[in-house]
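Here is a walk through a two-part topic: how the chains meet, and what one of them looks like inside. Have the sequence and the 3D view ready.

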Amino acid sequence: MAGLSAPPAPAPSSEFRGLSNLRMFAIIAELRWNLLRNSLRTIRGRLEAVSRAFATITMTMLSIGGAIGLSIASYLTVADHRFSYLALIFFGIFIFWQMYPVLGSAFSTPFEFGNLLRFPMRFSSFYLLNLAFGLLDPVSLVCILWLFGVFVGLVLADASLLPWAFLSLFSFGVVNVLLSRAVYVWLERWLAKRRTREALGLIFVFMMICFQFVGPLASRWRENAVPLGQYASVFHFANYLPPGLAKMVLLDAHRGDQMFADLSLVALAVYALGIAALLGIRLHAQFIGENLSEALAPTPAGRQEKVHVAWDLSVLPAPVAAIFEKEIRYLFRSAPIIFTFVMPLFLLAMFRVVPSHGTHGASFLVKAPDWAFPIGAGYALLILANIVYNTFGADGPGLQFILTAPVRLRDVMLAKNLAHAAVFILVTSGVLIATIVLYRPPSLAVTFGTVMALLFALPLNLAAGNMMSIYSPKKYDFGAFNRQRSTGATAFVSMGVEAVVVGIAAAIFFLTRFLERVWLAGVIFLPLAAVAFVVYWLVLNLAARRALDRREILIAEICRT
Amino acid sequence: MDAPAVCIENLTRRFGPLTAVDHIQMNVAAGQFFGFLGPNGAGKSTTIKMLTGLLAPSEGRIRILGIDLEKDPVAVKRQIGVVPEGLALFGRLTGSEYLNFVGRMYGLDRKTTAQRATELLDFMQLSDRPKSLITDYSHGMQKKLAMAAAVIHGPRVLFLDEPFEGVDAVASGTLKAMLQRMIGHGATIFLTSHVLEIVERLCSHVAIIHKGRLVAQGSLDELRSGVEARLSAVPGSAEPIAPHEKLTLEQIFLNIVGGTVLRDQELTWLG
């Protein structure tokens, strides 16, 4: 008999109790290394690696900047004997450390630790691997760097605090690492659901946007600002939470109350042990077989599907109506896309809250509110490029259906363009309403000119978008919040088209404004819009033919899993 | 005489230096339940993609129900239903929305589409997840939905790429019953599958592709007789046939594609 290997390797001993923790870490490290190395085989993988390297460098620089800032802030709090501010710093780090990984899970597929359990692994290895994963998480690394910055600031301000600062910050760090893992593991089942991840992503991005308003709002109302110290007093009740305890260790040590400092340290240790136990309970449940990541039970049987009837769009041929409905459903079912659509409103609001008193502080739009509508509408067109220039991107495997259905690709593209145009009209209407509410109603001449300019710009963008969707397609997940870049070629062409279109529109508007004949802009745009429509129509037919020729490339990119 | 449901002449597909499908000639008569078999990488999916218009042939001609696919793809697509390898689903629609979309794409009116969609969802036991998006369905549910979408317009020829892969026994029974009923109504079914027992039970005719070339074609009995004749002609054949024992499709398949060699190998370290 032919053997595949000789001599036979010894079978694992029945006494085998699992690999040592160190060996297990080495194997996992090797696995990650192989995954990374293999990802560099393709050009796309290499580009992503370069992009990640840049992102890491940028994040590291920002984190170091944050650490320096926190170092200075800590130094000042101790030097000025204002320890209540230290609590603010600790709470800031604590909230970031605990919340970011949960909200950030919307941007990535969670690592399934349960997959490791099919290997002969000891519970201690499983537990430690989980902790190591938490410790090496980018958020943890950033927060540890920040705590180091705080440590340096504290010691520079008062060298006698060195041992206390070390013990306090170390304990605080341990509590945070344990808690972030415990929170994540307890929420894992919940986070496994697509809808939860999408909702969290939306909350996260919304919070980020709201954060942008802090600066303008703070400067707008800075005269009425309440001293921060008054807010700090609110945190007294939180002295028994880990950030408060970390502060109390330092405050008591600074005062020379060693016993109270010790008590606070013990309390931090109790927190750490309690959280470690909670983490252990959950991980042990997973270790003995409970799958924390499995989806929740499906809807109980018995609820019958409500009869769904397609939208009544009898003005359109049935296939065009079907694609139109599908596109609209897709767009409005995607939290990231909806978020994109409201961005122009955020932009207008942002410019509005910039301080309007004085001469140098006021935004351009506050000084010239008549231009809020054209600028907002132009921005809406810009963000629409994301979907217009990659019109098949979100279809996924459904693209195969489109290609096997008895429908001309010209009709498919027309329906998609109609859907995108409808959405654009909706967003632009929102911009107009926001302009009226936040600034003032634009003059009739500006409104007319803007609408005509859009009738010129939109068909050109749709035409260019159709061609780029075929020549440079990219798979796009409407459910994912992580930044999904279009291809370099698409980005280049879309920016070029926008630059030309916006440049022409801006030149016409400035010229007519200079001549004090703004109404003339609409009249000039009218023939340009007619030409743009003809271009669109011709390109639509051409694009449909090219799409059929390039169907294999489209399928290979869009339908890949 | 009726035109064959599927007529393939000299069909070839090259990917650079690789010839995935090499000058295939094949006819599938109307009303046949036709199994298209082959080992992994033999060219089955490439062939089915070309037959359904997802891939352009490098050479050759395809006629479905007498209509040339290249000359009038829309007319052909109107007559066929397809469950391709990737299932062709739109993940962010519900099952009901998807079937309504598909029905409209095939030109059915709204009322008929809604009625058929409801019937199909009930038949496939998919009507108890009204709010769920397809992306949240299990693989088996997605497969059933893809099958429902492929038949909503009542196709005359149905192309199925691995329809039973990842489907449980209950769902598999439902699908088989539906396919048998379609054959009863005169439809033609062209399927690829690795589950030879199912092909043997369902299909009246079979073709086997190996390394891009068609190596066998005919009814199961014809294939069986051919292999039996070959085996009896070879003295000391590896698998002698008992006098009254019929060769299974698996034995026929292995004999044709030469899959018996590895059986003699052994992993000596396995317990």
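In this predicted model, chain B and chain A bury about 4700 Å² between them, with 58% of that area on carbon and sulfur atoms. On the chain B side 50 residues take part in the contact, and chain A puts in 53 residues.

What about charge pairing here? Side chains of opposite charge can pair when their charged atoms come close. Between chain B and chain A the count is four salt bridges, while over all chains it comes to 21. Two of the pairs that involve both chains are set out below.

| Chain A residue | Chain B residue | N to O distance |
|---|---|---|
| A:Arg329 | B:Glu97 | 3.0 Å |
| A:Asp312 | B:Arg110 | 3.7 Å |

Which elements give two or more residues to the side of chain B that touches chain A? They are α2 (73-79), α3 (95-105), α4 (110-123) and β11 (265-266) of chain B. The largest share, eight residues, comes from α3(B). Sorted by class, that side of chain B has 23 nonpolar, 13 polar and 14 charged residues.

Now for the inside of chain B. Six strands of chain B make an open sheet with mixed pairing, in the order β6-β7-β8-β3-β9-β10. At its edges are β6 (80-83) and β10 (213-219) of chain B, each of which pairs on one side only. If you ignore direction, neighbouring strands of this sheet are turned by 15° against each other on average.

Zoom in on β3 (residues 33-37) and β8 (residues 188-192) of chain B: these two strands run parallel and are joined by four bridges. Within that pairing, B:Phe33 stands opposite B:Ile189 of β8(B).

Two helices of chain B lie across strands of the sheet. Helix α1 (residues 44-51) of chain B lies across β3, β7 (157-161), β8 and β9 (205-210) of chain B, and runs at about 150° to β7(B). Helix α5 (residues 139-151) of chain B lies across β6 and β7 of chain B, running at about 170° to β6(B).

Terms used: Residues numbered from 1 in each chain as written. Chains lettered and ligands numbered in written order. Predicted model: local features only at pLDDT ≥ 70, side-chain atom pairs only at ≥ 80, totals over all residues. Heavy atoms only, no water. Pairing = 2+ DSSP bridges. Axes fitted to C-alpha atoms, helices over the stretch in contact; angles between N-to-C directions. Contact = heavy atoms within 4.5 Å. Buried area = accessible area lost by both parts, 1.4 Å probe. Salt bridge = Lys/Arg side-chain N within 4 Å of Asp/Glu carboxyl O. Nonpolar A, V, L, I, M, F, W, Y, C, P; charged D, E, K, R; others polar.
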